[in-house]
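Look at the model, then follow the questions.

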Amino acid sequence: MITLIGLGPMGQAMVRVLLENGHGVTVWNRTAARADGVVAAGAVRAGTPADAVAASELVLLSLTDYAAMYDILGKAEEALAGKVIVNLSSDTPEKTREAAEWVEARGAKFIAGGVMVPAELVGKEEAYVFYSGPTDVFEKHRDTLALIGRADFLGEDVRLAQLFYQAQLDIFLNSLSVFMHASALVQSAGVPLEKFVPYAKDNFRMMDFYLEAAAEHIEKGDHPGDDADVTMMGATADHIVQASRDAGIDVALPEAVKSHYDRAIAAGHGRSSWTSLFEIIKADRK
């Protein structure tokens, strides 16, 4: 038996995948009606969070954030000893560390997870999930967790799953905003987006050409500016800001990008590669 708490679209998708693979599943959700569909499919409805936790050794959480974990498991503390809590909710790495300490102080083991596909792809070939926490605990339940998606274990530092998860979403969310901004720029001239989209797709596909070399320069701390230096790229960033102003669209995003180039030039990286922006971005963590 597996317990799953939190029946939004992602939680419901996970329950259905587990049921389809022969697992018994106990479920609980604050809005009880959300369990109706998965109960009809074979899941068992728990009356309380404590009942849900007591029903299984392996307890999966699919909640809005980690704060919801305290609210729900705080009502089930007496049932936590000996359980494995796998929190697949979204939050920060530091809040993950705090959550692990809270769970472990109550006699349970904690695994952090980050599901990297939308609900409709859970259990499909494209699905993968980041995990971190105690290796032996993860390995014991690896096969079950792999039903949700490929299980990528990142190590015992419990923060790592959310670190990778948020880093991936950093790329994803910024990419969506970039496309929205570029679309507004094109549409400001009355051009239908169907004419622009093929070029945007080519641009996104080309991004992977830069990543490995950029990562190598970052790791070495070496940023040769032979091909595309900061001064040249910064001029382009300025042109995008001006074109956006001329078009009458929001300039917050291109101005943020331009600020990286301006600060890199001010720090003496004008003739270095655009990868030297990393030195400016990381400076805030000191």
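## Reading buried residues, helix packing and a pocket

A: Leu7 is buried, with a relative accessible area of 0%. The model is a predicted one. Leu7 sits in the loop between strand E1 (2–5) and helix H1 (9–20).

Q: Which residues does Leu7 touch, not counting residues up to four places away in sequence?

A: Leu7 touches Gln12, Val15, Val27, Trp28, Asn29, Arg34, Ala35 and Val38. Take Val38: Leu7 and Val38 are 31 residues apart along the chain, and their C-alpha atoms are separated by 9.0 Å.

Q: Let me step back. How many helices and strands does the protein have?

A: The protein has 12 helices and eight strands. Its C-alpha atoms fill a box of roughly 60 × 45 × 30 Å along the principal axes.

Q: What share of the residues in the protein is buried?

A: Buried residues make up 41% of the 286 residues.

Q: Now a helix residue. Is Ala100 buried or exposed?

A: The cut-off for buried is under 20% relative accessible area. Ala100 has 5%, so Ala100 is buried. Ala100 lies in helix H5 (residues 93–104).

Q: What does Ala100 touch, leaving out residues up to four places away in sequence?

A: Ala100 touches Phe110 and Val158. Ala100 and Ala112 are 12 residues apart in sequence and 8.1 Å apart in space, C-alpha to C-alpha.

Q: Where does Ile280 lie?

A: Ile280 lies in helix H12 (residues 277–282). At 9% relative accessibility, Ile280 counts as buried. Setting aside residues up to four places away in sequence, Ile280 touches His260, Arg263, Ala264, Ala267 and His269. Ile280 and Ala267 are 13 residues apart in sequence, and 8.2 Å apart in space from C-alpha to C-alpha.

Q: Next, two helices together. At what angle do H7 and H8 pack?

A: Helix H7 (residues 160–187) and helix H8 (residues 193–206) pack at about 145°. Their axes are 11 Å apart. H7 passes H8 in a right-handed crossing.

Q: Which residues meet where H7 and H8 pack?

A: From H7 come Ser175, Phe179, Ala182, Ser183, Val186 and Gln187. From H8 come Leu193, Phe196, Val197, Ala200 and Phe204. By class, this contact of H7 with H8 has eight nonpolar, three polar and no charged residues.

Q: Pick one of them. What is Val186 in contact with, leaving aside its neighbours within four places in sequence?

A: Val186 is in contact with Val191, Leu193 and Phe196. Val186 is found in helix H7. With a relative accessible area of 19%, Val186 is buried. The C-alpha atoms of Val186 and Ala200 are separated by 11 Å, and the two residues are 14 apart along the chain.

Q: Last, empty space. What is the general idea?

A: Rolling a probe the size of a water molecule over the atoms shows where empty space is left. Now the case here. About 250 Å³ of space lies in the second largest pocket.

Q: Which residues line the second largest pocket?

A: The lining holds Phe209, Tyr210, Ala213, Ala214, His217 and Pro224. It also holds Asp226, Asp227, Ala228, Ser273, Trp274 and Thr275. By class, the lining of the second largest pocket has seven nonpolar, three polar and two charged residues.

Technical notes
Residues numbered from 1 in each chain as written. Predicted model: local features only at pLDDT ≥ 70, side-chain atom pairs only at ≥ 80, totals over all residues. Heavy atoms only, no water. Axes fitted to C-alpha atoms, helices over the stretch in contact; angles between N-to-C directions. Helix = DSSP H or I, 4+ residues; strand = E, 2+ residues; numbered from the N terminus. Left-handed = near helix turned anticlockwise from the far one by under 90°. Contact = heavy atoms within 4.5 Å. Nonpolar A, V, L, I, M, F, W, Y, C, P; charged D, E, K, R; others polar. Buried < 20%, exposed > 50% of the residue type's maximum accessible area, 1.4 Å probe, protein only. 1 Å grid on protein atoms, 1.4 Å probe; cavity = no way out; pocket = protein on both sides within 12 Å on 5 of 7 lines; lining within 4 Å. Points joined across faces, edges and corners; volume = space filled by probe spheres on them.
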